[in-house]
Amino acid sequence: MEYTYLLRPSLFQSLVDYRSSWTRAGNCEYTEISMKIPILDLSTEIKSQWTELNDAIQKVLLSGRFIVGENVVAFEKETASYLGVKHAVGLNSGTDALVLGLRALGVGPGDEVITTSFTFFATSEAISLLGATPVFAEIDPITFNIDVAQIEKKITSRTKAILPVHLFGLSADMTPLLEIAKKHKLLVLEDVAQAFGGEHQGKKLGSLGDGGTFSFFPTKNLGAFGDGGLFVTNNDALAEKVRMLRVHGSKKRYHHEMLGYTSRLDELQAAILRVKLPRIDEYNRLRRQVAGRYREMLQGMSHVTLPSQAPEKSHVYHQFTVRITNGQRDEVHQKLAEMGIDTMIYYPIPVHRLEVYGNQFPPLPLTEKAATEVLSLPIWPDITSDIQFQVAKAIRSLIA
């Protein structure tokens, strides 16, 4: 696609130095083209892999093996190797990975699990479904991840585990978190739904705690063409228990040793994910490039706080989330939509304020403030600089 623009240097002076990088000609006389910009566009990625994807799907269909076939087994081995763990267990969804992982860790009624309220509901939902109680700690307002300095204040005699979320693709501060867990003899389950391939001090996320959970929802950095999830661990007994739980609590058919679930990664989805897995590092590298371009285009703006920067490979930019700090986030979100630019608000209501929990949890001012200011911009690996330029130009025009 070709895109051209009408650039007004008086309004966008800070972009002038970068103009040649984002446009297709050497001057400022362009005609603006109206276009719809989605929050995510997977079409180019799918087209580039079409032959491999089609072949993989056809082989599954012709095999007649659709439940825990050779692709599921192979994908589990390949992801375990990639993540640097002993075991990977394919499951039906990221939510199931949380539920089965927590249950395998022994979390149940009467227990407390310390986590974050600034995330998708599934994280605390999994805790509550097992009869345990989520205990919400404040976030770091720069990274949006759980503020590790607040965790010890939340520990009680009922605390069983800590469940950090690597939000928007950025690792939580795992070194001090793991030290706290060790000191208080607590379990750690990582929620890596938004950060496949991300790292902390050279180790892949999901490999640091007692277990890690992943989602392969289509929008994720490594996404399937439907639901899918993964539990990983270095603990043999834990892996065996999750494998039992995913097939009705059995190791052998019709020999049920515990109450379990039906939660198996679909063979078709595993075949698709096997095509995409070898490219994940390249896709994440491209996402970091996209984030770098947004930084250059939006730097220096009043009332716009850019995402926390991080060392190479520790941030995989599932989202590029800015803060609109002048009280106009909702207005900017709406105006961009009217201009044909999709943005998303992750998350407008902190989990501790959701209806399902009533008013049982104390306020979290930093979390609640973030929920009124965050705005995620369009991002995918091969988004063009031209499209990013149009997004940045629109934001500048609205907040100038």
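The pLDDT is the predictor's confidence in each residue, from 0 to 100. This is a predicted model, so local features need pLDDT of at least 70 and side-chain atom pairs count only at pLDDT 80 or more, while totals for chains, interfaces and linings use all residues. Residues are numbered from 1 along each chain as its sequence is written, and side-chain values use heavy atoms, with hydrogens and water left out.

**Exercise 1.** Find the mean pLDDT of the protein chain, then look at residues 1-33.

*Solution.* Now go to residues 1-33, where the pLDDT is below 50. Beyond near neighbours in sequence, that stretch has 59 contacts in the model (a contact means heavy atoms within 4.5 Å).

**Exercise 2.** Work out how the rings of phenylalanine 118 and tyrosine 347 are arranged, and which parts they tie together.

*Solution.* First, the rule: rings of Phe, Tyr and Trp (its six-membered ring) pair if their centres lie within 6.5 Å; planes under 30 degrees apart count as stacked, over 60 as edge-to-face and the rest as tilted. The whole structure holds 15 aromatic pairs. For phenylalanine 118 and tyrosine 347, the centres are 6.2 Å apart and the planes at 85 degrees, so this pair is edge-to-face.

Phenylalanine 118 is in the loop between strand 2 (112-116) and helix 7 (122-129), and tyrosine 347 is in the loop between helix 13 (329-338) and helix 14 (365-371), so the pair ties together parts 229 residues apart in sequence. (Helices, H or I with at least four residues, and strands, E with at least two, are DSSP runs numbered from the N terminus.)

**Exercise 3.** Is serine 171 buried or exposed, and what does it touch?

*Solution.* Locate it first: serine 171 is in the loop between strand 4 (159-163) and helix 9 (174-184). Then check its accessibility: at 12%, serine 171 counts as buried. Finally, list its contacts. Leaving aside residues up to four places away in sequence, serine 171 touches Asn145, His166, Glu199, His200, Leu205 and Ser314.

**Exercise 4.** Name the residues that ring pairs link into a cluster with Tyr82.

*Solution.* Follow the ring pairs: Phe75, Tyr82, Phe196, Phe214 and Phe216 are linked into a cluster.

Terms used: Buried means under 20% relative accessible area, exposed over 50%, partly exposed in between (1.4 Å probe, protein chains only).
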